[in-house]
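Dear colleague,

My notes on it come directly after.

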Amino acid sequence: MLLEIQQVSKQYKKDSWALQDINLQLKPGIVGLLGPNGAGKSTLMRILATISQPSNGTVSWNGEDIRKKPDELRRTLGYLPQDFGVYPHLNPVEFLEYVAALKGLDRSKIRPRILEILELLNLHDTLKRPIGSFSGGMRQRIGIAQALLNDPRLLIFDEPTVGLDPEERVRFRSLLTDLSGERVIILSTHIVSDIEATADQVAILSKGQLLTKSNPSQLLHNVKGKVWSVVIPDHDLQEARAKWTISATIRREDGLQLRIVSDQPPLPGCTPVSPSLEDAYLHIKTTQEGTLSGSIPHHI
Ligand SMILES: Nc1ncnc2c1ncn2[C@@H]1O[C@H](COP(=O)(O)OP(=O)(O)OP(=O)(O)O)[C@@H](O)[C@H]1O
């Protein structure tokens, strides 16, 4: 099972590239796609889900170009888009039956699968309620449920934890781990902790370009010895923000405790602390964003 993204670029408007020259090879496992708003995550997800087409480059699934043979991939794809919509008057079973029909799944076999997935997502108590009466988190779980209907080998989740409360979040993470194995799972988010707990690979996108693809322990290793804690007076915050990459600020009685990502000790009296994935992400973003070209992809 292999998803190959080769020199993929996407241009929505003249002189502006939402994606530039993305190259990625994804094997079974969970890859977290991390990046700030506007980095190009959803654009990439939509291309992989065959909803949109790249301006340049190719994507292949098990060696087949998905533009030429989209159905090969669609049969085995589960996709939760960022703007997932539901029919509010349908109950979960009716809605999932409707999605199953759109996916061309065998109607006679689908009911047990729907009930199994609703149980898995802790929605089994809501079978008769219209989805319109659901909380944001419950709706999001319906979105996750529809992505799982066809037991997909390629699962694409665009911001899946939006609207989930902390308990639902934890449940979703363990569901992801249960689902991993013989599947390629792509999880797009700008919340680092979402992927810290699940992903075995992390790809970082910024301004349409891939900054890195690595495993979390390598990312942590790269930032080892570069994260510091220091307490400063409240009024120095603005200056500190301008000078340093700050990954956390905590108000204390004696001032503000900052967590600073810096190759050198930023201030006298600072103490080294062990890095988190969030620190590693900020370090890569700040050190590499400055080197991004902002130009058109080089192969054009
Ligand atoms: N349909 C569109 N038409 C024009 N520009 C678009 C379109 N969709 C996205 N863009 C632009 O492409 C760039 C990448 O957007 P995209 O939505 O892929 O980023 P993202 O990383 O998913 O961000 P977010 O986390 O905010 O959803 C942005 O500059 C965005 O404004």
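This is a predicted model: local features need pLDDT of at least 70, side-chain atom pairs count only at pLDDT 80 or more; totals for chains, interfaces and linings use all residues.

Residues are numbered from 1 along each chain as its sequence is written.

Helix α3 spans residues 92–102 (helices are DSSP runs of H or I, at least four residues, numbered from the N terminus). Its buried residues are Pro92, Phe95, Leu96, Val99 and Ala100; buried means that 20 or more other C-beta atoms, placed from the backbone, lie within 10 Å of the residue's own. Seen down the axis of α3, these residues fall within an arc of 140° (taken from the directions from the helix axis to the C-beta atoms), so they line one face of the helix. They pack against α4 (107–120) and α5 (136–148). After α3 comes Gly104, with a positive phi near 75°.

The axes of α3 and α5 are 10 Å apart, at an angle of about 35° (axes are lines fitted to C-alpha atoms over the stretch in contact, and angles run from 0 to 180 degrees between N-to-C directions). Pro92, Phe95, Leu96 and Val99 of α3 meet Ile142, Ala145 and Gln146 of α5, a contact being C-beta atoms within 7 Å.

Asn222 belongs to helix α8 (residues 216–222). The C-alpha atoms of Asn222 and Pro275 are 9.5 Å apart, although 53 residues separate them along the chain.

Yours sincerely

How values were computed
Helices (H or I, at least four residues) and strands (E, at least two) are DSSP runs, numbered from the N terminus. A residue is buried if 20 or more other C-beta atoms lie within 10 Å of its own, exposed if 12 or fewer, and partly exposed in between; C-beta atoms are placed from the backbone. Two residues are in contact if their C-beta atoms, placed from the backbone, lie within 7 Å.
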